[in-house]
Amino acid sequence: MSRYQPATQPTFYFIGVTTAKSSIMRVFPAWARHLGLKDAVLKGIDFPLHAEPGAYREAVAFIKNDPLSLGALVTTHKIDLFNAARDMFDVIDPHALLMHETSCLSKRDGKLICHAKDPISSGLAIDGFVPEGHFARTGAEVLSMGAGGSTIAITWHLMQEKRGADVPSRIVVTNRSQPRLDELKHIHAAMAPRVKIDYVLADRPELNDAAMAALKPGSLVINATGLGKDAPGSPITDAGIFPEQAIAWDLNYRGDLVFLDQARRQEAARGLQVEDGWTYFLHGWTQVIAEVFDIDIPTSGPSFDEISRIAIEAAKG
């Protein structure tokens, strides 16, 4: 018997690892009321990290063929699900094609569409807290720990031609396994990068400490590993030293958030700017909801602030 039952009302799926623990399960109903999405519901689909391709294909086939299943947001499994189900998508958007990942499935006119929304949502988040001209002014670098979909999207955004001189002087990506680094290098090559990129195998946290210690002042240090949310811990040790005036960004906003705590302990002494993943969470979800339900959701200003306020209130519940 299939684990999936036909939807009886408009249903939007959240494909992740521990979806029941996410604030979105409380936030989505409040947003749905605010956005006029009537009787739409959100359901979680959990897979272990790097699940079998057949498991991803079964979920995609169900969503594709079930009339009231409207689409999905994909987290953690963005690359694996794309690779497993690529032949099942009727349309693949240019970002998904370039980055070999999907964070959003939607349907239009009977066609299943695969999107990569992370380049847009991560860009909106970064540009919200990194001062304009920061990289051009400081010569700062970027260290992104983790070679998954978020790092692909973030590095793409930071290398855009339209940024002019406001790009990192160097990007360093670390990861615990070499194949992911090789895949990322291949994807970056297709982007024709105009920034030097180093790929570092860091199969123990001390190697991330070393990569961080080599960064210039003002650099952006990102925990894009999922550690602190999907699995306990942090990609760095307590002995790791952040660069002076660095911006420390944890893509997580829930979980044990060890990396965030490590950064906050050095905040005053090192002059750090410490950011969690809350605005990334907001943009990530609202971009996908807008696509799946075919509505406009603002990305800034009073209307976006109201969406954030509603989410904060609902998350407390």
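This is a predicted model: local features need pLDDT of at least 70, side-chain atom pairs count only at pLDDT 80 or more; totals for chains, interfaces and linings use all residues.

Colleague: In which hand does helix 5 pass helix 11?

Modeller: Helix 5 passes helix 11 in a right-handed crossing. Helices (H or I, at least four residues) and strands (E, at least two) are DSSP runs, numbered from the N terminus.

Colleague: What else describes a helix pair?

Modeller: Two packed helices are described by the angle between their axes and the distance between the axes. Axes are lines fitted to C-alpha atoms, for helices over the stretch in contact, with angles from 0 to 180 degrees between N-to-C directions. Here, helix 5 (residues 118–129) and helix 11 (residues 278–293) have axes that come within 8 Å and cross at roughly 145°. The contact (heavy atoms within 4.5 Å) includes Ile-120 and Leu-124 of helix 5, and Tyr-280 and His-283 of helix 11.

Colleague: And sheets? In what order do the six strands run?

Modeller: Two strands pair if DSSP finds at least two bridges between them. The six strands form an open sheet in the order 9-8-7-10-11-12, with parallel pairing. Strand 9 (196–201) and strand 12 (273–275) are at the edges with a single partner strand each, so one side of each has no neighbour in the sheet. Strand 7 (residues 142–145) and strand 8 (residues 170–175) pair over four bridges, and Met-145 sits opposite Thr-174 in strand 8.

Colleague: What should I know about phi?

Modeller: Most residues other than glycine have a negative phi. Asp-109 has a positive one, about 50°, and is in the loop between strand 5 (104–108) and strand 6 (111–115). Gln-245 also has a positive phi, near 60°, in the loop between strand 10 (220–223) and strand 11 (247–250).

Colleague: Is Gln-262 buried or exposed?

Modeller: Buried means under 20% relative accessible area, exposed over 50%, and partly exposed in between (1.4 Å probe, protein chains only). Gln-262 has 4%, so it is buried, whereas Asp-109, at 81%, counts as exposed. Gln-262 lies in helix 10 (residues 258–270).

Technical notes:
Residues are numbered from 1 along each chain as its sequence is written. Side-chain values use heavy atoms; hydrogens and water are left out. A crossing is left-handed if the near helix is turned anticlockwise from the far one by less than a right angle, and right-handed if clockwise.
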